Amino acid sequence: MNIWELSEKAEYIADKHQRLLTQWQQYCNSLIQGITLSKAKLHHAVGCNPDDSLRFFLFDHFVIHVSLAEGFNSHTIEYYVEKRNGDDRVLIAKAILDDEGRIDNSISNRNRENVLEHYLEKIRPVYENLYSAVHSDTPVSMGQLQQSAQA
């Protein structure tokens with residue numbers, strides 16, 4: 001392989017990587033707009049994060065993290081919940097983001113209402129578990145959240 005062939009491949013890699021990052025940023029924008037412009041009372045507060053992930057505070061006690069999975073060219077979106085103090089991070093769901101901006105092969109990352117609905121479906125086990133615990137006056141454990149997310 002000569003330098004020009006290598007250069008061509010490097011340019012292809014850089015272009016594809018930049019397109020993925022652009023689609024990720026569009027997803028982030030759509031999700032933040034979906035949450036902040038929603039009239040529904042979700043009890044989410046948007047947090048700033050210096051890295052490339054989203055952070056939402058839920059009932060001022062839990063943090064929902066949304067990020068691309070580690071690794072170069074990862075197309076997997078991961079959804080985590082943890083306590084506000086940073087303890088007990090639990091993976092609750094995953095989704096796939098393609099180069100065209102579709103989430104799980106069906107949702108456009110430009111449609112904030114659909115992005116929000118998809119996100120809420122991904123984190124639904126957290127709300128269900130919290131509702132059940134509050135309704136029955138029992139404490140919530142991160143183990144319960146993880147079990148309900150895996151069910």
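**Helices, rings and a nonpolar core**

Q: Is Ser108 buried, exposed or partly exposed?
A: The relative accessible area of Ser108 is 35%. Buried means under 20% relative accessible area, exposed over 50% and partly exposed in between, using a 1.4 Å probe and protein chains only. Ser108 is therefore partly exposed.

Q: What pLDDT do local features need in this model?
A: The model is predicted; its residues are numbered from 1 along each chain as the sequence is written, and side-chain values use heavy atoms, without hydrogens and water. Side-chain atom pairs count only at pLDDT 80 or more and totals for chains, interfaces and linings use all residues, whereas local features need pLDDT of at least 70.

Q: Which residues does Ser108 touch, beyond those up to four places away in sequence?
A: Ser108 sits in strand S7, residues 107-108, and its C-alpha atom is 9.5 Å from that of Leu97, 11 residues apart along the chain. Counting contact as heavy atoms within 4.5 Å, Ser108 touches Gly101 and Val115.

Q: What pattern does the chain follow along the sequence?
A: Helices (H or I, at least four residues) and strands (E, at least two) are DSSP runs numbered from the N terminus. The chain has 3 helices and 7 strands. Read along the sequence, they give α-β-β-β-β-β-β-β-α-α.

Q: How are H1 and H2 oriented to each other?
A: The axes of H1 (residues 3-37) and H2 (residues 112-135) come within 8 Å and cross at roughly 85°. Axes are lines fitted to C-alpha atoms, over the stretch in contact for helices, with angles from 0 to 180 degrees between N-to-C directions. Angles under 35 degrees count as roughly parallel, over 145 as roughly antiparallel, 65 to 115 as roughly perpendicular and the rest as oblique. H1 and H2 are therefore roughly perpendicular.

Q: Which residues of H2 meet H1?
A: On the H1 side, the contact involves Tyr27, Ser30, Leu31, Gln33, Gly34, Ile35 and Leu37. Their partners in H2 are Arg112, Val115, Leu116 and Tyr119.

Q: What separation along helix H1 do Trp24 and Tyr27 have?
A: Trp24 and Tyr27 form a stacked aromatic pair, 5.7 Å centre to centre with 25° between the planes. Rings of Phe, Tyr and Trp (its six-membered ring) pair if their centres lie within 6.5 Å; planes under 30 degrees apart count as stacked, over 60 as edge-to-face and the rest as tilted. Trp24 is buried at a relative accessible area of 2%, and Tyr27 is buried at 0%. Because they are 3 residues apart in H1, their separation is about one helical turn.

Q: Which residues form one aromatic cluster?
A: Tyr79 and Tyr119 make a tilted pair, 6.3 Å centre to centre and 45° between the planes. That pair links distant parts of the chain, with Tyr79 in strand S4 and Tyr119 in helix H2, 40 residues apart. Both Tyr79 and Tyr119 are buried. The cluster consists of Phe56, Tyr79 and Tyr119.

Q: Which residues touch the most other members of the largest nonpolar core?
A: A nonpolar core is a set of buried Ala, Val, Leu, Ile, Met, Phe, Trp, Tyr and Cys residues joined through side-chain atoms within 4.5 Å. The largest core has 32 residues, and the elements giving two or more residues to it include H1, H2 and H3 (142-150). The members touching the most others are Tyr27, Leu31, Val66, Ile77, Tyr79, Val81 and Tyr119.
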